[in-house]
Amino acid sequence: MAGRKFCVGGNWKMNGDQKSIAEIAKTLSDATLDPNTEVVIGAPAIYLMYARNLLPCSIGVAGQNAYKVAKGAFTGEISPAMLKDIGADWVILGHSERRAIFKESDELIAEKAEHALAEGLKVIACIGETLEEREAGNTNDVVARQMCAYAKKIRDWTNVVVAYEPVWAIGTGKTATPDQAQEVHAYLRKWLVENVSQAVSDSLRIQYGGSVTAANAKELAKKPDIDGFLVGGASLKPEFVDIINARQ
C-alpha cells in the first residue's frame, strides 16, 4: 500500500436535484467518516456550487467533465478554470460513458487531463474494458492503450488518481471479484514501472469502480493494489458512508 491514502469518489452522474443533494450532504455531514480516507464528490455541473456550500470542507468536489482549453466558442462545455472558480478542486475525465456514449477518444481525454492538471485541478483519470474486450482476453491491452495516451501527456502524476472501471460492471450489478480487480490493478502497477517509473507505480492511487456497494467494499479494500473506489449509484445512498469507511 506504500502509504497511499485511500480515496473514494462519488460520481453522481446525471442524477440529483437540490432536495436530494441537500439530503446527501446532511448524511455525509452527520456521519463519522474515516479521517484516513480522502472523499471527492462528482456533482452535476449546475449543482457544483450548491454541493460545495453544503458538503463538509473535508470533502472535495469534482466536475464530471471539462474541456481541453480555458475558454472560447465551445457551446455547452465547461473549462477547468471555471470549475476552480466555483470551488471544485477535482475533475473526472475519461469515464466509460464519455468514451462510449459521447465518443471521446483516448487522445482527447489525455489532452483534457493535461490541461486540467496545468490549470491546477486534480484528475480522476478513468480507464476500463468492455465485456467483449474482457471475454476476448484483451483487458490488459485495452487498459495499457488508455494509460499510454495519458502517459504521453502527463509528466507529473502527483495530482492524478487512476480509476479502473470494468465497463461490464458499471451499473449492471455485476462486480469484478476482488481477485479480478486486484489482478488488473497489479498489472497497471507493472505497466507503470515499465512505462513511467517505479516511483509513480508505488505512489499513484488506483481506484476500483464498477457496482461498488457497502456489501463488497470491505473485501475489495483489503487488496494491496486497490487504493479506493469510484462509486456510482451507491454514492447517492446512505450506504456511501460505509463504502468511505471500508478500510476501518
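Predicted model: local features only at pLDDT ≥ 70, side-chain atom pairs only at ≥ 80, totals over all residues.
**Exercise 1.** Work out whether the radius of gyration of the chain agrees with that of a compact globule of 248 residues.

*Solution.* Begin with the expectation, which for 248 residues is a radius of gyration near 18 Å. Next take the value for the chain, 17 Å, which agrees with a compact globule. The C-alpha atoms fill a box of roughly 45 × 45 × 35 Å along the principal axes, and buried residues account for 52% of the chain. Finally, among contacts between residues at least 6 apart in sequence, 73% join residues at least 24 apart.

**Exercise 2.** Find the aromatic pairs of the structure and explain what two of them tie together.

*Solution.* A search of the whole structure gives 3 aromatic pairs. In one of them, the ring centres of phenylalanine 6 and phenylalanine 229 are 5.5 Å apart and the planes stand at 85 degrees; planes over 60 degrees apart count as edge-to-face, so this pair is edge-to-face. Phenylalanine 6 belongs to strand S1 (residues 6-11) and phenylalanine 229 to strand S8 (residues 228-231), so the pair ties together parts 223 residues apart in sequence. Both phenylalanine 6 and phenylalanine 229 are buried.

Tyrosine 164 and tyrosine 208 form another aromatic pair, with 6.3 Å from centre to centre and 55 degrees between the planes, and this one is tilted. Because tyrosine 164 lies in strand S6 (residues 160-164) and tyrosine 208 in strand S7 (residues 205-208), the pair ties together parts 44 residues apart in sequence.

**Exercise 3.** Which residues touch the most other members of the largest nonpolar core?

*Solution.* This core has 68 residues, and those that touch the most other members are Tyr150, Trp157, Tyr208 and Phe229. Take tryptophan 157 as the example: leaving aside residues up to four places away in sequence, tryptophan 157 touches Met147, Tyr150, Ala151, Val162, Val196, Val200 and Leu204.

How values were computed
Residues numbered from 1 in each chain as written. Heavy atoms only, no water. Phe/Tyr/Trp six-rings, centres within 6.5 Å; stacked < 30°, edge-to-face > 60°. Helix = DSSP H or I, 4+ residues; strand = E, 2+ residues; numbered from the N terminus. Buried < 20%, exposed > 50% of the residue type's maximum accessible area, 1.4 Å probe, protein only. Core = buried A, V, L, I, M, F, W, Y, C linked by side-chain atoms within 4.5 Å. Contact = heavy atoms within 4.5 Å. Rg over C-alpha atoms; globule rule 2.2 N^0.38 Å.
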